[in-house]
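Hi,

Here is the structure I promised to pass on. Have a look at it first, and then read my notes below.

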Amino acid sequence: MVSRYPLLIGPHQLSEQPPSGSPRILLLAGEPSGDQHAAGVARELRVRWPACRLVGMGGEQMAAEGVELVAGLDDLAVMGFVEVISSLPFFWKLERKISGIIQSQKIDLVIPVDYPGFNLRITERAQAAGVPVIYYIAPQVWAWKAGRTARLSRAADRVAVILPFEEEIFRREGGRAEFVGHPLLDRGASVPSREAFCEAFGLDPTREILALFPGSRKQEIRRHLTQFLEAASRLRRQRPGLQVVLAQADAIQLDLPNNSDVTTVRDGRALLTHARAAIVKAGTSTLEAALAGTPFVVAYRTHPWTYWLARQLVRVDHVALANLVAGSRVVPEILQREVTAEALASAVAPMLEDGGERLQIISGLARVREGLGSPGAAERVAALAEEVLGPCGKDPAPVIPPS
């Protein structure tokens, strides 16, 4: 694998010391959402320690905040039990490299961001080396088995959770967990108006929009795109004025059929704001749709063996994060072989109508938004870092508890 990001940092390259009182912090993200959230933490860390040295793995957003990267997202975007096997040699090498940086005794704090498996092992390596860890966006180990929840609770000095029910789960296992609110609430700039959004992409603001979110990884695109497009085609035959708009991740190039008549955009937040309904792959996008108040159906397909293993291990009633936060099936979930164009179109059709089902979903999504806390997640994580490391002579910044 060839990364867009050069491998810049090794243990022997950390000899340069930051100014006295400024810590060296290792930030570890392995996917686009983690890159975004870790970048927010990096920004807040520099508010407290302007001269701190930040190193880690991640992407362009972290690099823009001055994080010196060890590895980039191109190499890290692998998911699923089966899919990761071919990448094991790379991950073993990277794990040794990260462990070497930690064991060099030139890191004061490790902040892993989500990315289960790899970051959990690194957390244990840091604990063994006596380096404190604040685990931000705890991986959903609670969905698999309690043993991994207990393992993370033992290894991390703090667990900064972003879903309200996670705090009690980790505390039951002895972890020092704190609900910091969801980072999606920290997005700054407002979205463009419907007229401006439609003008930018050649859309008609008077016609309904169906949003498609097939995923941000090549594997997800390969397994979802055809069914999503065919479902949209069925719905358009029922509602000829329906406009189909597909959210395209920054690092993904899409190969759409010539006759698909689909508009692609990269501003997923604006798309969800102005869409009448959406088809969304399971993941953080379900929370983004909930925050936008857009009715949607959740779909997900993965390798059959990966799914079989997950069925043996998963201990939750819902796949969609929006449903987990709500504590009930607010939006429909369609998985694996059931992800067909017919099933998706049938689930979405009532959401396009001004009926009771649409209103019921919108009411449920409002409960999801209320459950995600208040803005300021990155600031609260930086405050935890200050608590663990000490303020280095600076008055601690006030901590705003999530509502």
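First, the ground rules. This is a predicted model, so to speak of local features we need pLDDT of at least 70, and side-chain atom pairs count only at pLDDT 80 or more, while totals for chains, interfaces and linings use all residues. Residues are numbered from 1 along each chain as its sequence is written, and side-chain values use heavy atoms, with hydrogens and water left out.

The protein has 16 helices and 13 strands; these are DSSP runs numbered from the N terminus, with helices being H or I of at least four residues and strands being E of at least two. Of its 403 residues, 53% are buried, meaning under 20% relative accessible area, with exposed being over 50% and partly exposed in between (1.4 Å probe, protein chains only). If you take contacts (heavy atoms within 4.5 Å) between residues at least 6 apart in sequence, 67% of them join residues at least 24 apart.

Six strands make an open, parallel sheet in the order 10-9-8-11-12-13, where two strands pair if DSSP finds at least two bridges between them. Strand 10 (263-265) and strand 13 (333-335) are at the edges with a single partner strand each, so one side of each has no neighbour in the sheet. From one strand to the next, the twist averages 20°, taken between lines fitted to C-alpha atoms, with angles from 0 to 180 degrees between N-to-C directions. Strand 9 (residues 243-247) pairs with strand 10 over three bridges, in the parallel sense; V245 has T263 of strand 10 as its bridge partner.

Helix 15 (residues 356-371) is worth a look too. Its 16 residues reach 23 Å from first C-alpha to last, close to the 22 Å expected at 1.5 Å a residue (that is, 1.5 Å times one less than the number of residues). R358, I361, G364, L365, V368 and G371 are buried in helix 15. Down the axis, these buried residues fall within an arc of 130°, so they line one face of the helix; the arc is that of the directions from the helix axis to the C-beta atoms. They pack against strand 7 (177-179), helix 11 (284-292), strand 12 (296-300) and helix 13 (321-326). On the other side, G356, L359, Q360 and E370 are exposed.

Finally, helix 9 has a kink of about 45° centred on H224, the bend being the angle between axes fitted to the seven residues ending there and the seven starting there.

Cheers
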